[in-house]
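Please look over the sequence and the model shown here. A short report on selected parts follows.

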Amino acid sequence: MGKSCEIKLLGAAPSHFVNRVQFVLNLKSIEYEFIDENLNCKSELLLTSNPVHKKVPVLIHANKPPILESLIIIEYLDEVYHDIHPILPSDPLERAHNRFWANYIDTKYFALFEELRRTPGQEGKKEVKKQLDEASELLEEVFVKSSNGKAYFGGDDVGYIDVVLGCFLAWIKFVEKLNKFKIFDEVRTPKLLEWTNRIWSHEALKDAICGSEALTNHYAMLQIKKP
Amino acid sequence: MAEEVKLHSFRGSPYGCRVEIALNIKGIKYDFIQEDLNNKSPDLLKYNPVYKKIPVLVHNGNPISESVVIVEYIDDAWKGAPIMPVDAYEKARARFWAKFIDEKFIPAIFKAFVSHGEEQDILEANEQLQFLENELKVKGNKFFGGDNINLVDICAGYIAFWAGAAEEALGIEVVTRDKFPKLTEWCHNYTNCQVVKDNLPPRESLVAYYKWLFGKE
């Protein structure tokens, strides 16, 4: 247990990038100190730890220099704590597929949600929703192939893509409510819909995600800062 | 079973070149399949339906896309000289710089080329370069990977060869070389590595291509 008290995580509750690191720390039963950052007034520690991007999450492990970028932090934790709940598979081809899809979710898929937010008017939003539907159907195929009939993208247990997409769910649910539509549904993405219910009630995830009030405030801030 | 390794790419692509360098580091024999980017092969579209881009590595019929994902796959799948550091922390650091190069640096320098050297664009590209210069200074090594090249060197290869070709095509200087002595030295060391030298495209054709691409005929 000596390793487990040496971890500090600089983060902010509404960030799903931060949440995913928390999810992994919880899955691996690693204790950590959470340092809540005010993203409107970043601390000296954050600015010196991440001078390139000035962003959360930042992981500080013992006396090592900080580790940055959520996916990189997750791979680091997975390697150091490899014997507790492995996140990435050991097979090189499966690892490559996991990395490819995590990257897809973080770039293409996430960008569509940003586009949705920034597109004014119902007609415009409808067009973006069409693209989102196509992307969600693609992820349904990925789920079917990856899970191979089991509960998660990772198989019997939560894996890399489960962590990446699972933590994004809080934001997805917020967007669904705001726009009065469904991202995942019984017709287009039945397996993913079942998966969302499953992962949403996972013990290790519950602690990692923030409530809707924080998301509402975060959304409002984004509308002002990045309209 | 005989191993089958194919690479769908385009001669001159910096991203395709990353994969070729990685394959060479491991001594892997492969078939190079030149793609016409205006008329992509049915195989390429089948192997990379999401992005429809090169490079795609096909290993025993299994396709892998995205250059950094491919390079890490090559390191995972084959023994031989390592491409990633062994230490978990150093791996994280290498991945960070590879991501920085792809998400921050290359878009910034590309913007400067597209604008034919707008002052603000050059400034921004140089700001990103400074981070890489500092990294080399701090480590004090020949390469980002130490005595040998690693993932970061492979990704930063763009600076060593492609940037210079684009500058020549446009008759501008974007990488203000006297500001970056460590990087300038690194460029020379990198392009002189055998595995790199063997895979660089002919400079003249690249300059001609960039003249066309950036609209400077």
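Predicted model: local features only at pLDDT ≥ 70, side-chain atom pairs only at ≥ 80, totals over all residues.

Residues are numbered from 1 along each chain as its sequence is written, chains are lettered from A and ligands numbered from 1 in the order written, and side-chain values use heavy atoms, without hydrogens and water.

In chain A, 4 strands make an open sheet with mixed pairing, in the order β2-β1-β3-β4. Strands are DSSP runs of E with at least two residues, and helices are runs of H or I with at least four; strands pair if DSSP finds at least two bridges between them. The edges are β2 (33-36) and β4 (67-68) of chain A, each pairing on one side only. β3 (58-61) of chain A is antiparallel to β4(A), with 2 bridges; Val58(A) has Leu68(A) as its bridge partner.

In chain B, β3 (56-59) has both faces covered: Val56(B) and Val58(B) on one side, and Leu57(B) and His59(B) on the other, are all buried (under 20% relative accessible area, 1.4 Å probe, protein chains only).

| Partner of β3(B) | Bridges | Opposite residues |
|---|---|---|
| β1 (5-9) of chain B | 4 bridges | Val5(B) and His59(B) |
| β4 (62-65) of chain B | 4 bridges | Val58(B) and Pro63(B) |

The hairpin of β3(B) and β4(B) has 2 residues between the strands, and Asn60(B) there has a positive phi near 50°.

UniProt, in an unreviewed entry, lists "domain: GST C-terminal" at residues 91-227 of chain A; such annotations may be inferred rather than shown by experiment. That span of chain A is 74% helix and 0% strand, with end C-alpha atoms 42 Å apart. For chain B, an unreviewed UniProt entry places "coiled-coil region" at residues 115-142, a span with 75% helix, 0% strand and end C-alpha atoms 33 Å apart.

Definitions and conventions
Buried < 20%, exposed > 50% of the residue type's maximum accessible area, 1.4 Å probe, protein only.
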